[in-house]
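These are notes for a colleague opening this model for the first time. Please read the points with the structure on screen.

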Amino acid sequence: MKEQKIVYVDNAATTAMSDAAIAAMQPYFKQIYGNPSSLHTVGQVAKEALDSARAQIAQLIGAKPNEIYFTSGGSEADNQAIRSAAISGALKGKKHIISTAFEHHAVLHTLKKLEKEGFEVTYLDVHSNGLITAEEVQAAIRPDTALVTIMFANNEVGTIQPIREIGAVCKANKVVFHTDAVQAIGHLPINVVDDNIDMLSASAHKFHGPKGVGFLYCRTGVRLFNLIEGGAQERNRRGGTENIAGVWGMAAALKEAVEHLPENMAKETALRDRLIAGLSKIEHSKVNGDLVNRLPGNVNMCFEGIEGESLLLLLDQKGICASSGSACTSGSLDPSHVLLALGLPHEVAHGSLRLSLSEWNTEEEIDYIIAEVPKVVEYLRSISPVWEALSKGETPHLI
Ligand SMILES: *Cc1c(COP(=O)(O)O)cnc(C)c1O
């Protein structure tokens with residue numbers, strides 16, 4: 001059998017680890033294995049290692065070391081940030097939260113639970129280009145608003161929100177501002193002070209670090225409550241023996257990403273635009289999300305008359321690993337909540353393809369995708385009753 005080459009373009013779901021991140025983890029399995037809570041030398045050496053990883057991460061985002069709390073990943077950081085702001089707000093009689101309809105499920109499902117617990121959530125309408133404005137946030141703020149939580153960059157359509165302006169509005173109104181920056185950190189320049197961010201969620205495996213580790217930045221003066229009770233780790237805010245190897249893998253991956261940010265962004269942007277130009281030649285196709293305020297590695301397109309799932313399966317047979325909507329919803333036949341929030345009709349939202357690049361992708365890979373996707377789309381349309389009705393003019397084209 002001919003060996004199938006793999007073209008991995010699902011980096012928004014997860015990334016492969018970098019050699020620097022793997023190397024940074026090695027010492028913490030057998031050499032520096034102590035428990036940072038132990039008073040003896042072996043423990044204290046581990047504690048110093050943990051502290052220096054924390055300092056490195058803090059410095060890379062413009063924070064102070066004691067503002068970084070390690071978590072098991074982006075989902076936990078989102079849960080802890082939102083729950084904490086909700087508890088703080090409720091203590092002051094403030095039970096209103098502002099967000100958007102196209103957040104990650106770690107945010108949306110936490111908000112849904114809070115609604116059941118008596119909080120009121122305003123979900124701002126996302127424009128058809130996948131953006132919201134700071135003015136819209138300002139208009140939604142009320143005297144009882146406890147929290148604004150809006151993602152930095154969307155995981156499906158890649159749109160980048162005007163975070164600095166939204167943060168400034170929250171600051172002026174003395175409302176806590178949390179941003180899920182899981183897709184942005186390591187891919188876009190971020191400085192929590194300049195960007196007016198109170199709380200920020202990050203996850204290592206989205207920037208070539210290990211899975212199962214992330215962090216929450218929480219500005220000094222913003223109260224944090226525990227999700228996980230236990231020991232006094234993380235300044236009493238998260239019980240459990242620290243994952244030092246993971247934390248060091250994350251710190252090394254973030255350092256590498258931040259140091260190479262300009263060239264990685266330029267490379268991915270060029271690959272992205274080549275891919276968009278190539279695939280846009282397919283008739284009745286559409287790029288979802290703003291083309292300018294967009295993650296360098298994100299391509300998201302709809303092809304009328306076909307199912308995203310069938311497209312993915314056939315592309316997989318050609319070695320192209322992509323995604324339709326987010327990994328968390330694929331497997332279900334529900335259309336993407338993100339594309340629906342952008343106002344796409346159900347039948348169009350079913351046919352989406354997300355190709356998320358990393359700086360390791362090559363021009364040859366992009367050209368392979370540009371050659372293969374049209375063939376698969378043509379084949380699927382040839383057997384699609386929906387496409388038949390569209391091409392006979394029995395139903396109108398929507399794109
Ligand atoms: C991946 C992702 C998460 C979840 O992060 P985990 O570390 O996998 O829990 C949260 N938000 C966004 C935007 C993501 O892309």
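1. Gly214 belongs to strand β8, which covers residues 214-218; helices (H or I, at least four residues) and strands (E, at least two) are DSSP runs, numbered from the N terminus. Gly214 has a relative accessible area of 0% and is buried, where buried means under 20% relative accessible area, exposed over 50%, and partly exposed in between, with a 1.4 Å probe and protein chains only. Its C-alpha atom is 8.3 Å from that of Glu76, although 138 residues separate Gly214 and Glu76 along the chain.

2. The model is predicted: local features need pLDDT of at least 70 and side-chain atom pairs pLDDT 80 or more, while totals for chains, interfaces and linings use all residues. Residues are numbered from 1 along each chain as its sequence is written, and side-chain values use heavy atoms, without hydrogens or water.

3. Ser84 sits in helix α4. Ser84 is buried, because its relative accessibility is 1%. The side chain of Ser84 comes to 2.8 Å from the backbone nitrogen of Phe225. This is a polar contact, that is, a pair of N or O atoms within 3.5 Å; within protein, one must be able to donate a hydrogen and the other to accept it, and residues adjacent in sequence count only if both atoms are side-chain atoms.

4. The ligand has 13 residues around it, with Ser75, Asp180, Gln183, Ser203 and Lys206 the closest; a residue counts if one of its heavy atoms lies within 4 Å. Helix α4 gives the largest share of this shell, 3 residues. By class the shell has 2 nonpolar, 8 polar and 3 charged residues. Here Ala, Val, Leu, Ile, Met, Phe, Trp, Tyr, Cys and Pro count as nonpolar, Asp, Glu, Lys and Arg as charged, and the others, Gly among them, as polar.

5. The largest pocket holds about 490 Å³ of space. It is lined by 25 residues, and Val175, Val176, Asp198, Arg219 and Val222 are the closest to its centre. On a 1 Å grid over the protein atoms alone, a pocket is an open set of points with protein on both sides within 12 Å along at least five of seven lines; a cavity is a set where a 1.4 Å probe fits but cannot get out, and lining residues have an atom within 4 Å of a point. Helix α4 supplies the largest share of the pocket lining, 4 residues. The lining divides into 12 nonpolar, 6 polar and 7 charged residues.

6. How many cavities of 30 Å³ or more are there? The count is 3, and the largest cavity has a volume of about 140 Å³, a volume being the space filled by probe spheres set on grid points joined across faces, edges and corners. Of the 15 residues lining the largest cavity, Gln183, His187, Leu295, Gly297 and Leu357 lie nearest its centre.

7. Two backbone angles deserve a look. Lys174, in the loop between α7 and β6, is not a glycine but has a positive phi of about 55°. Lys174 is exposed, at 74% relative accessible area. Arg235, in helix α8 (residues 233-236), also has a positive phi, near 50°.
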